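User: I am new to this protein and would like to understand it step by step. Please answer my questions with reference to the sequence and structure shown here.

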Amino acid sequence: MSKNFGKLVLLFTVVPFIELFLLLKLAEVTSSGFTFGVIILTGLLGAFFARQQGKKVIDSLQKEMNLGRLPGDNLIHGLCVLIGGVLLLTPGLLTDFSGFMLLIPGTRHMIVKVLKQQFSGIVQKQAVHIYSQNVHIEPDYQPWDEQ
């Protein structure tokens, strides 16, 4: 069994059990109606914030492209907004918390900074290999004009 497969099993089995446990505890402490309301409210808020932040990211992407610049950071922000929206539409307290952290601009900027540092470390270790149908680019690849 590969390392990634183990992570996926953990993600799709353990996390839902934890989410269910937390929701049942919340219903036990408060009421089932309150818990159901929290689930509906976070789903609605998530859809609203994902739409709002998504529009801002798209506007920023278009602005960068119109200026002739590559929108690297904006693409990462867009991915965070997308994942955050999906997490908020998924019932559960942990997924809601994670989704809000990805949608709120202040925390999203911190998360993007950490992601960029981690990806930079991976690239510096030359652990990135790009494969295509007929092309294989190794990390030590240099374009023709730089050789």
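User: Is Asp73 buried, partly exposed or exposed?

Analyst: The relative accessible area of Asp73 is 38%. Buried means under 20%, exposed means over 50%, and partly exposed lies in between, using a 1.4 Å probe and protein chains only. Asp73 is therefore partly exposed.

User: What kind of model is this?

Analyst: Residues are numbered from 1 along each chain as its sequence is written, and side-chain values use heavy atoms, with hydrogens and water left out. Local features need pLDDT of at least 70 and side-chain atom pairs count only at pLDDT 80 or more, whereas totals for chains, interfaces and linings use all residues, for this is a predicted model.

User: Which residue forms a salt bridge with Asp73?

Analyst: A salt bridge requires a side-chain nitrogen of Lys or Arg within 4 Å of a carboxyl oxygen of Asp or Glu. Here the closest N and O atoms are 2.9 Å apart, and the partner of Asp73 is Lys116.

User: How many residues apart are Lys116 and Asp73?

Analyst: Lys116 forms its salt bridge with Asp73. This pair links distant parts of the chain, with Lys116 in helix H5 (residues 105-124) and Asp73 in helix H3 (residues 72-89). Helices (H or I, at least four residues) and strands (E, at least two) are DSSP runs numbered from the N terminus. The separation of Lys116 and Asp73 is 43 residues.

User: In which helix do Lys25 and Glu28 both lie?

Analyst: Their side chains meet in a salt bridge at 3.6 Å, N to O. Lys25 is partly exposed at 34%, while Glu28 is exposed at 60%. The two are three residues apart, about one turn of the helix, and both lie in helix H1 (residues 3-29).

User: Why does Thr42 count as buried?

Analyst: Thr42 is found in helix H2 (residues 32-66). Leaving out residues up to four places away in sequence, Thr42 touches Leu88, Asp96 and Phe100, where contact means heavy atoms within 4.5 Å. Thr42 counts as buried because its relative accessible area is 12%.
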